[in-house]
Amino acid sequence: MNVKRWTAQRKAIKSLIEGNHEHPAVDDIYANAKELIPNVSKKTVYTALEALKSEGIIQEVRVTGVRRYEPVEGDHQHFICTVCGKIIDIKDDSLTSHTMKISRGLKGIEVLQTTTTFYGKCNSCLGGK
Ligand SMILES: [Zn+2]
Ligand SMILES: [Zn+2]
């Protein structure tokens with residue numbers, strides 16, 4: 001592929017995830033990418049996502065087999081709605097430091113990252129109360 005074109009496509013896909021806390025799935029990113037880049041293929045979107053992931057710019061959140069993406073912005077936890085699959089970021093530094101403290105006490109392994117997931121019903125699935 002033409003390097004200039006690839007760079008522009010990658011940049012456009014990166015812009016769709018930067019500052020985006022909706023945790024879009026590949027299909028969402030593909031739909032939005034089509035508006036920015038005419039004739040973009042799903043394969044290009046996948047390749048760009050893999051590249052951005054290996055560069056440490058974005059990270060993958062896997063929910064019930066669906067790959068979703070978000071910008072890398074430090075450790076945080078996730079709330080996942082068991083009804084509609086919506087993901088909400090939860091930031092609690094005391095929880096992160098506590099899990100890392102537990103990690104340091106574990107013998108014979110090295111923990112690089114910890115993640116805690118909360119499951120339940122989101123506001124709209126509760127009827128928007
Ligand atoms: Zn929900
Ligand atoms: Zn997140």
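Strands β1 and β2 form a hairpin with two residues between them. Thr64 sits in the turn and has a positive phi of about 40 degrees. β1 covers residues 58-63 and β2 covers residues 66-71. The two strands run antiparallel and are joined by six bridges. Opposite Ile58 stands Pro71 of β2. Strands count as paired if DSSP finds at least two bridges between them.

This is a predicted model, in which local features need pLDDT of at least 70, side-chain atom pairs count only at pLDDT 80 or more, and totals for chains, interfaces and linings use all residues. Residues are numbered from 1 along each chain as its sequence is written, while chains are lettered from A and ligands numbered from 1 in the order in which they are written.

**Overall layout**

The chain has four helices and five strands. From the N terminus on, the order is α-α-α-β-β-β-β-α-β. Helices (H or I, at least four residues) and strands (E, at least two) are DSSP runs, numbered from the N terminus. The C-alpha trace spans about 50 × 45 × 25 Å along its principal axes. Of the 129 residues in the chain, 11% are buried. Buried means that 20 or more other C-beta atoms lie within 10 Å of the residue's own; exposed means 12 or fewer, and partly exposed lies in between, with C-beta atoms placed from the backbone. Take contacts between residues at least 6 apart in sequence: 50% join residues at least 24 apart. A contact needs C-beta atoms, placed from the backbone, within 7 Å.

**Two domains**

The bounds below come from an automatic or database domain assignment.

| Domain | Residues |
|---|---|
| domain 1 | 3-71 |
| domain 2 | 77-120 |

The C-alpha centres of domain 1 and domain 2 lie 24 Å apart. Six residues of domain 1 are in contact with five residues of domain 2. On the domain 1 side, the contact has two nonpolar, three polar and one charged residues. Here Ala, Val, Leu, Ile, Met, Phe, Trp, Tyr, Cys and Pro count as nonpolar, Asp, Glu, Lys and Arg as charged, and the others, Gly among them, as polar.

**Helix packing**

Helix α1 (residues 3-17) packs on helix α3 (residues 42-54) at an angle of about 75 degrees, with the axes 10 Å apart. That makes α1 roughly perpendicular to α3. Angles of 65 to 115 degrees count as roughly perpendicular, under 35 as roughly parallel, over 145 as roughly antiparallel and the rest as oblique. Axes are lines fitted to C-alpha atoms, for helices over the stretch in contact, and angles run from 0 to 180 degrees between N-to-C directions. From α1, Gln9, Arg10, Ile13 and Lys14 make the contact. From α3 come Thr44, Val45, Ala48, Leu49, Ala51 and Leu52. By class, the contact has six nonpolar, two polar and two charged residues.

**The open sheet**

Three strands form an open sheet with mixed pairing, in the order β4-β3-β5. β4 (87-90) and β5 stand at the edges with a single partner strand each, so one side of each has no neighbour in the sheet. The twist averages 25 degrees from one strand to the next. β3 (residues 77-81) pairs with β5 in the parallel sense over four bridges. Cys81 has Gly120 of β5 as its bridge partner.

**A loop residue**

Gly108 lies in the loop between α4 (93-105) and β5 (117-120). Is Gly108 buried or exposed? Gly108 is exposed, because 4 other C-beta atoms lie within 10 Å. The C-alpha atoms of Gly108 and His21 are 35 Å apart, and 87 residues separate the two along the chain.

Note on methods: Contact = placed C-beta atoms within 7 Å.
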